Amino acid sequence: MSFSDGREHAAQQDSTSSGGDDDLLGDRLDDARLARRLADSAGRVLLELRRDQPDLEPPALKAAGDLRSQEHLAAQLQRHRPADSVLSEEATDDTTRLDADRVWIIDPLDGTREFSEIPREDWAVHVALWE
């Protein structure tokens, strides 16, 4: 993860609330804080999936987890860092990233097999920034 001082994205006072993702992430955060919040919020999306669909078979849970976390992270990065490129394990590679100054590197669900084996907790969401 890049611990940039975030001058390009000046941090404002952290004003999170118990509302949805819009409240959770705020409009402007420094990069390190954003990366952490993205990983945390994607983790909550995954936990909610497990809770709300307990009867999914492991292959379906793996696929749903990958998809939901990917969609969540992609949407939040588009909202908060629309000028940045993204490289994701779960998305089609966009080669414009090769010339980008900033590339978010994400693995929306690392440990997909473990995620599908409830109650295992040895899975993660990875969010990093390359500059």
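1. A convention to start with: two residues are in contact when they have heavy atoms within 4.5 Å of each other. This is a predicted model, in which local features need pLDDT of at least 70 and side-chain atom pairs count only at pLDDT 80 or more, while totals for chains, interfaces and linings use all residues. Residues are numbered from 1 along each chain as its sequence is written, and side-chain values use heavy atoms, with hydrogens and water left out.

2. Now the overall layout. The protein has 4 helices and 3 strands, and their order along the sequence is α-α-α-β-β-α-β. Helices (H or I, at least four residues) and strands (E, at least two) are DSSP runs, numbered from the N terminus. Among contacts with a separation of 6 or more, 54% are between residues 24 or more positions apart.

3. Of the 131 residues, 43% are buried. Buried means under 20% relative accessible area, exposed over 50%, and partly exposed in between (1.4 Å probe, protein chains only).

4. The pair I would look at next is helix 2 (residues 31–52) with helix 3 (residues 58–80): their axes come within 9 Å and cross at roughly 145°. Axes here are lines fitted to C-alpha atoms, for helices over the stretch in contact, and angles run from 0 to 180 degrees between N-to-C directions. The crossing of helix 2 and helix 3 is right-handed, a label given if the near helix is turned clockwise from the far one by less than a right angle, with anticlockwise being left-handed.

5. Who makes that contact? Helix 2 contributes residues including Leu38, Ala42, Val45 and Leu49, and helix 3 contributes residues including Leu61, Ala64, Gly65, Arg68 and His72. By class, the contact of helix 2 with helix 3 has 10 nonpolar, 6 polar and 2 charged residues. For this count, Ala, Val, Leu, Ile, Met, Phe, Trp, Tyr, Cys and Pro are nonpolar, Asp, Glu, Lys and Arg are charged, and the others, Gly among them, are polar.

6. Helix 3 passes a simple length check: at 1.5 Å a residue, its 23 residues should span 33 Å, and its end C-alpha atoms are 33 Å apart, which agrees. The expected span is 1.5 Å times one less than the number of residues. Buried residues of helix 3 include Leu61, Asp66, Gln70 and Leu77.

7. Two residues illustrate the packing. Val45, in helix 2, counts as buried at 19% relative accessibility; beyond its neighbours within four places in sequence, Val45 is in contact with Arg68 and His72. The C-alpha atoms of Ala64 and Leu49 are 8.0 Å apart.

8. Gly43 also sits in helix 2 and, at 14% relative accessibility, counts as buried. Leaving aside neighbours within four places in sequence, Gly43 is in contact with Trp123 and Val125. Gly43 and His126 are 83 residues apart in sequence, with 9.8 Å between their C-alpha atoms.

9. Finally, please check the peptide bond between Ile118 and Pro119, which is cis with omega about 15°. Most peptide bonds are trans. Pro119 is in the loop between helix 4 (112–116) and strand 3 (124–130).
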